[in-house]
Amino acid sequence: MSKRVTRALRRLVSHSLVTASLSFAAVQGAAADERGARASVDFAPTSSVLVLIPGSEAAQALSARRPAGVDPAGKPEAELLRECANDESQRPLAARGFLWSVLTQGWRVLFHPLAVSVHEELQKYAAVSDATASGDYYRGGDPSPAAPLNNRISCLRFTRFVGADAAPEGVALDFVASVRLDAPRDAIRLRPLRLFISRGGAKSVNGHYSVAISVRADAVWRDELSGHHDQVFEETIASESVDLNTGSFLKYYPTEAASGLRVPIVPMSFGADRNRDFGRAEFGVRVAEVGTAPATLKLLADILPDPDEKMAQLVVAAAVAGVHLQ
């Protein structure tokens, strides 16, 4: 096909997209007037925060900026606190840099931009938020190499805010996961504990979203001869179909000992000083949100496929979760 014909087709597709979008917006507006639907929402820049929660500071970390839909006196919240507290007495939050280590990122598109406006528009219906934080995973105090390992970090809390300011009323998504050592102390038991969503991070024509969440850990350690840097684990631990038309979404997950996934422990450096906290690791949480796109966009995307486009594993998990809403 000649370049002239290709350009003509792309202009035609672009024009069709604009026409279809305007027509769809008109239909949406008319329907909204009839049934009193909510007005359209602008997706302003957002920020994300990941907090590492030591067991002794669980109560304070979980109560800060608590989502509006969470009942602090409810039984599910009490079980969540018990899991993150790790049977430790509580103390005020320590002013350590790692606890509030924040990686703030804007939304990242999931699809490689193509030379046609249909794919650029489609990008608005999928988004990923990501944040990391670093800390010493193991609790020190017993210098004996034969002493059993004890995790110092018991939970992770990922929060996405509506705007750039981390205000309590602006919590759009809040996720808590347990990263405690398994009973035999030879693995980390990775399990989701609570997921709250009040506002999607991408567009959706019907308020339905497919959400998938992954947790990862990277570490630097040394043996007798050399140093190492590698990923310890990365797992998708939650995927949900969410309908925000009826209000906020709140779900608590099982806390039984056998629930969740067993993943490798954080490596320890040779000759590490076990009198103090050790086992430095960087934890990260990534959330993919895929909203329902207009049928016209989907059709045009099928007409103009990108043979080089590869969808990330996390996005696939989110899409699978959304099948139940179709």
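Arg66, Glu77, Arg157, Asp174 and Arg194 are linked in a network of salt bridges, a salt bridge being a side-chain nitrogen of Lys or Arg within 4 Å of a carboxyl oxygen of Asp or Glu. The structure is a predicted model, in which local features need pLDDT of at least 70 and side-chain atom pairs count only at pLDDT 80 or more, while totals for chains, interfaces and linings use all residues. Residues are numbered from 1 along each chain as its sequence is written, and side-chain values use heavy atoms, with hydrogens and water left out.

**Salt bridges**

Side chains of opposite charge can pair when their charged atoms come close. By the rule given above, the count comes to 18 salt bridges, and three of these pairs are listed here.

| Pair | N to O distance |
|---|---|
| Asp277 and Arg152 | 3.0 Å |
| Arg262 and Asp186 | 3.3 Å |
| Lys251 and Glu240 | 3.0 Å |

Asp277 forms a salt bridge with Arg152; because Asp277 lies in the loop between strand S9 (261–263) and strand S10 (278–291), and Arg152 in the loop between strand S2 (126–138) and S3, the pair ties together parts that are 125 residues apart in sequence. Strands here are DSSP runs of E with at least two residues, and helices are runs of H or I with at least four, numbered from the N terminus. Asp277 is partly exposed, with a relative accessible area of 28%, whereas Arg152 is buried at 6%; buried means under 20% relative accessible area, exposed over 50%, and partly exposed in between (1.4 Å probe, protein chains only).

In the salt bridge of Arg262 and Asp186, Arg262 belongs to strand S9 and Asp186 to the loop between strand S4 (171–181) and strand S5 (188–197), so that parts 76 residues apart in sequence are tied together. Arg262 is partly exposed at 44% relative accessibility, and Asp186 is partly exposed with a relative accessible area of 44%.

Lys251 and Glu240 also meet through their side chains, and this pair ties together parts 11 residues apart in sequence, since Lys251 lies in strand S8 (residues 249–252) and Glu240 in strand S7 (residues 227–243). Lys251 is partly exposed at 31%, while Glu240 counts as buried at 12%.

**The disulfide**

The structure holds 1 disulfide, meaning a pair of cysteine sulfur atoms within 2.5 Å, and this disulfide joins Cys84 to Cys155 with an S to S distance of 2.1 Å. Cys84 lies in helix H3 (residues 75–85) and Cys155 in strand S3 (residues 153–161), so the pair ties together parts that are 71 residues apart in sequence. With -95° about the S-S bond, the link is left-handed. Cys84 is buried at 0% relative accessibility, and Cys155 is buried with a relative accessible area of 0%.
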